[in-house]
Amino acid sequence: MLQKKEPRLSGISHEFSLFTDYDIHLFKEGNHFRIYEKLGSHLITVNGLKGTYFAVWAPNAKSVSVIGDFNGWNTQSHPLAVRWDNSGIWEGFIPGITNGCLYKYQVVSKEPALKSGQANYTANKADPFSFYWEISPKTASVVWDLDYQWGDNEWLKNRHNHNNLNAPVSIYEVHLGSWRRITEENNRFLTYREMAPALAEYVKNMGFTHVELLPVMEHPFYGSWGYQAVGYFAPTSRYGTPQDFMYLIDYLHQQDIGVIMDWTPSHFPSDEHGLAYFDGTHLYEHADRCKGWHPDWHSYIFNYGRNEVRNFLISSAIFWLEKYHIDALRVDAVASMLYLDYSRKNGEWIPNKYGGRENLEAIGFLKRFNEAAYQEHPDIQTIAEESTAWPMVSRPPDLGGLGFGMKWNMGWMHDILHYFSQDPIYRKHHHNELTFSIMYSFFENFILSISHDEVVHGKGSLFSKMPGNDWQKFANLRLLFGFMFTHPGKKLLFMGNEFGQWKEWDHENSLDWHILQYDTHQGIQRLVRDLNHLYKNEPALHELDFEPAGFKWIDFNDWEKSIISFLRHGKSTDKTVLVIGNFTPVPQYHYRIGVPSEGHWIEILNSDAREYGGSGQGNLGGVKTEPIPSHSYNYSVSLTIPPLGILVLKNIPK
């Protein structure tokens, strides 16, 4: 808990600066990607005096003062001085300010206040580069040292193997405030340190390779889930200190679990203490409302064409990768950045210089961000949440792409959830929604995502989307997961989906862990666990996720029975698995499938197995090939395909 400091009025020195001329040069041209080492508050010693150096960018300010608990929030005692080099940076060293001191900047603008009628716009601003913030709803910045003794050297040394495009990547998406809560203690959050062993044990047991955290950057409104951030260099203090968050990441790494963090460079909220109208002008946001205001989220859009703003954002990305050992950044709402007319009517947007709808400045920013991230840390990944058909999102900038490592497959998610919502009797009329994704699966490096967005705002839980009686709902959910884990692409599941959460996700409450007392929900959980382990252990299911050579249809034309069959291949020719899915509740007996090789095909997974809550129909562990040509192959097998079930078989050569 932060302690209130007694007011003490100590002098301020303007004789010292952390900035070199080269820093200012890089800052002005938009290429200083560790500007967090200079701007913000930094505990240092000057001429034998311990204290804190403050620096803030406010080029249109008339004056800037540091106010805080150390001076009784006095606006006169500690004014900063503006640098002489037209950088717009105000700075100063205050001796005696120690770790944990609260502070803000009082910014008096050269510009008049538009709403209040003041001669000069004046606001008390939190530090955009602060490493730690007061616990919400309080809004002060906190002077903080980020020293931490990491223990994840082994993970970092081998991280390229875990993050490789040919590696199995199965992501468990988590909102830290609602994964689990302590109901006996007024429904309180788990802290970062409490979360560490519980989350690591669960994720490891379930077989997920990575955890993706909904944004942890400091945010004033808890109900935004972190997507309306103001602290781009600070983990939210709701769950603990920066070192506590480091401990969580460190612990997960030591259990061989990667950590992905949602990052939101697309927009920021209008709270007065934040970035908006920072020095009485549109400093971080674009001044033109057609480009600087998001109509859906009622938030500001960054000015991607401004060099100093690019410094801010790319430095934020590098900061999390460097200081917190984050393994991947998932960039939120990329589509909203790419299009000038995103969610806007005619007359509400301005075409680019070529007359098009593409946001050229945002495109340039995204390319530069990806180049910088991979240049500094080649073994990380960047992931785009991009919902349109924008080409080459996950291709290098020098080839004309945006430079992301991977992209969420929103098209697959939309089609497959619509397909599964249909009563099975009508699915034959929607067969294309089941098979169409293969037509474009290898255009990008796709992640198949069933995320938090699909289980909120009245959409219901994933379980509730499934049609039929209770047995059919569970069978459909097992079938959906089986298809997802055998389809090309990396995997992402939002928390609660893995055990068939009944209710829609509620960020104010814990997941419904109590329903695991029921065998049916335990069965869903066992299946997801086994699918994860199968996905990791079978190279055919992950090595060529992004290459056409990793997939081959056997039959996608049996729309009448709603049955599909396909092969997944690994890099080695002997690493092949056969997948057959039956998307109706009618079991199929003696169903013949052509196979590429002779021998015994063993059943390595059956979603209808009794331990998963199924009816137990299958093939008694496997089938032998027969020299009966089918599907252009010389050999075939005769199978029992269970109702609303999926089979995965592997060949043992004769």
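Biologist: What percentage of the 654 residues of the protein count as buried?

Modeller: Happy to start there, and please keep in mind that this is a predicted model. A residue counts as buried when its relative accessible area is under 20%. Among the 654 residues of the protein, the share that counts as buried is 62%.

Biologist: How many Å is the radius of gyration of the protein, and what does the globule rule give?

Modeller: The chain folds into 13 helices and 30 strands. For 654 residues the globule rule gives 26 Å, and the value for the protein is close to that, so it is as compact as a globular protein of that length. Along the principal axes, its C-alpha atoms fill a box of roughly 90 × 60 × 45 Å. The radius of gyration itself is 27 Å.

Biologist: Of the contacts with a separation of 6 or more, what percentage comes from residues 24 or more positions apart?

Modeller: Contact here means heavy atoms within 4.5 Å. Among contacts in the protein with a separation of 6 or more, residues 24 or more positions apart account for 72%.

Biologist: Which residue takes a positive phi just after α1?

Modeller: The spot to look at comes just after α1, where phi is about 85°. The residue there is glycine 30.

Biologist: In what order do the four strands of the open sheet come, and which of them stand at the edges?

Modeller: The pairing in this sheet is antiparallel, and the order is β1-β2-β5-β4. Each edge strand has a single partner, so one side of each is left without a neighbour in the sheet. The strands at the edges are β1 (40-46) and β4 (81-82).

Biologist: How many bridges join β2 to β5?

Modeller: Let's follow the pairs along these antiparallel strands. Tryptophan 57 stands opposite isoleucine 89, and valine 56 has tryptophan 90 as its bridge partner. The number of bridges joining β2 to β5 is seven.

Biologist: And which residue takes a positive phi in the hairpin of β4 and β5?

Modeller: Two bridges join β4 to β5, which also run antiparallel, and alanine 81 stands opposite glutamate 91. The hairpin has six residues between the strands. With a positive phi near 60°, the residue you want is asparagine 86.

Biologist: How many residues of β5 are buried?

Modeller: Both faces of β5 are covered. On one side Ile89, Glu91, Phe93 and Pro95 are buried, and on the other Trp90, Gly92 and Ile94. The count for β5 is seven of its seven residues.

Terms used:
Residues are numbered from 1 along each chain as its sequence is written. This is a predicted model: local features need pLDDT of at least 70, side-chain atom pairs count only at pLDDT 80 or more; totals for chains, interfaces and linings use all residues. Side-chain values use heavy atoms; hydrogens and water are left out. Two strands pair if DSSP finds at least two bridges between them. The radius of gyration is taken over C-alpha atoms; the globule rule is 2.2 Å times the number of residues to the power 0.38. Buried means under 20% relative accessible area, exposed over 50%, partly exposed in between (1.4 Å probe, protein chains only).
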